[in-house]
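Subject: Structure handover

Hello,

Here is the structure I promised to pass on. Please open it first, then read the notes below it.

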Amino acid sequence: MVCLGNICRSPLAEGILKSKVDPSRILVDSAGTAGYHVGSSPDDRSIAIARKFQIDISQQRCRRFVIEDFDRFDHIFVMDQSNYQDVLELAQQESHIRKVRLILEETNLDYEEVPDPYYGGESGFDHVYQLLDNACNVLAERLK
Ligand code: 4NP
């Protein structure tokens with residue numbers, strides 16, 4: 001799961017998908033394309049909205065997306081077009097490019113991108129949670 005800062009959207013996506021799959025079979029992780037917050041906990045507002053749904057993401061720590069992630073993971077889900085471009089710039093071969101998809105692309109939602117809630121209020125985080133929960137239901141089914 002990849003976003004810009006790895007403190008708002010992708011930590012939530014990681015926590016939500018982890019809650020829906022068998023952790024002994026599927027490794028779920030997240031990263032950011034930017035390095036502003038490396039080593040930090042997720043944003044308090046992401047921790048709070050996850051907690052509301054009994055998901056604890058407080059132990060996650062921010063890291064930056066690295067080229068090795070293309071080989072470590074079978075699927076790379078990005079939150080928006082800007083993340084998509086940033087990740088593709090690091091791709092070194094066709095097989096890397098094929099792994100990268102917008103997380104909302106294959107859901108029936110009207111949204112294509114998970115909006116960045118960082119500069120908004122709490123309600124943005126509710127919205128992001130609902131979008132990601134919906135997407136992760138679809139992904140969890142497919143991954144099975
Ligand atoms: P995220 O949100 O990409 O969902 O983690 C952001 C977090 C931090 C910043 C931007 C977006 N920032 O500019 O510090």
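A residue counts as buried when its relative accessible area is under 20%, and as exposed when that area is over 50%. Anything in between is partly exposed. Keep in mind that this is a predicted model.

Start with L139. Its relative accessibility is 7%, so L139 is buried. L139 sits in helix α6, which covers residues 122-143. Setting aside residues up to four places away in sequence, L139 touches M1, L17, F77 and I103.

Now go to Q60. In sequence, L139 and Q60 are 79 residues apart. In space, their C-alpha atoms are 21 Å apart. Q60 belongs to the loop between α2 and α3. Is Q60 buried or exposed? Q60 is buried, because its relative accessibility is 14%. A polar atom of the Q60 side chain lies 3.1 Å from the backbone oxygen of P11. Neighbours within four places in sequence aside, the contacts of Q60 are P11, E14, G15, S30, S40, S41 and P42.

**The ligand**

- A polar backbone atom of L4 is 3.0 Å from an oxygen atom of the ligand.
- For I7, a polar backbone atom is likewise 3.0 Å from a ligand oxygen.
- For C8, the distance from a polar backbone atom to a ligand oxygen is 2.9 Å.

On its own, the ligand has 350 Å² of accessible area, and the protein covers 93% of it.

**Two backbone angles**

Most residues other than glycine have a negative phi. N6 is not a glycine, yet has a positive phi of about 55°. You will find N6 in the loop between β1 (2-3) and α1 (9-18). With a relative accessibility of 2%, N6 is buried.

Q54 is another residue other than glycine with a positive phi, this time near 60°. Q54 is in the loop between α2 (44-52) and α3 (69-72). Here the relative accessible area is 71%, so Q54 is exposed.

**Aromatic pairs**

How many aromatic pairs does a search of the whole structure find? The search finds three. Two of them are described here.

F65 is buried at 7% relative accessibility. F70 is buried too, at 0%.

Another pair is Y118 with Y119. The ring centres lie 4.8 Å apart with the planes at 75°, so this pair is edge-to-face as well. Y118 is partly exposed at 30% relative accessibility. Y119 is exposed, because its relative accessible area is 78%.

**Where to look**

Move on to Q60 in the loop between α2 and α3.

Best wishes

Terms used
Residues numbered from 1 in each chain as written. Predicted model: local features only at pLDDT ≥ 70, side-chain atom pairs only at ≥ 80, totals over all residues. Heavy atoms only, no water. Helix = DSSP H or I, 4+ residues; strand = E, 2+ residues; numbered from the N terminus. Buried < 20%, exposed > 50% of the residue type's maximum accessible area, 1.4 Å probe, protein only. Contact = heavy atoms within 4.5 Å. Phe/Tyr/Trp six-rings, centres within 6.5 Å; stacked < 30°, edge-to-face > 60°. Polar contact = N/O pair within 3.5 Å; in protein donor to acceptor, adjacent residues only side chain to side chain. Areas by Shrake-Rupley, 256 points an atom, 1.4 Å probe, with all protein chains shown as cover.
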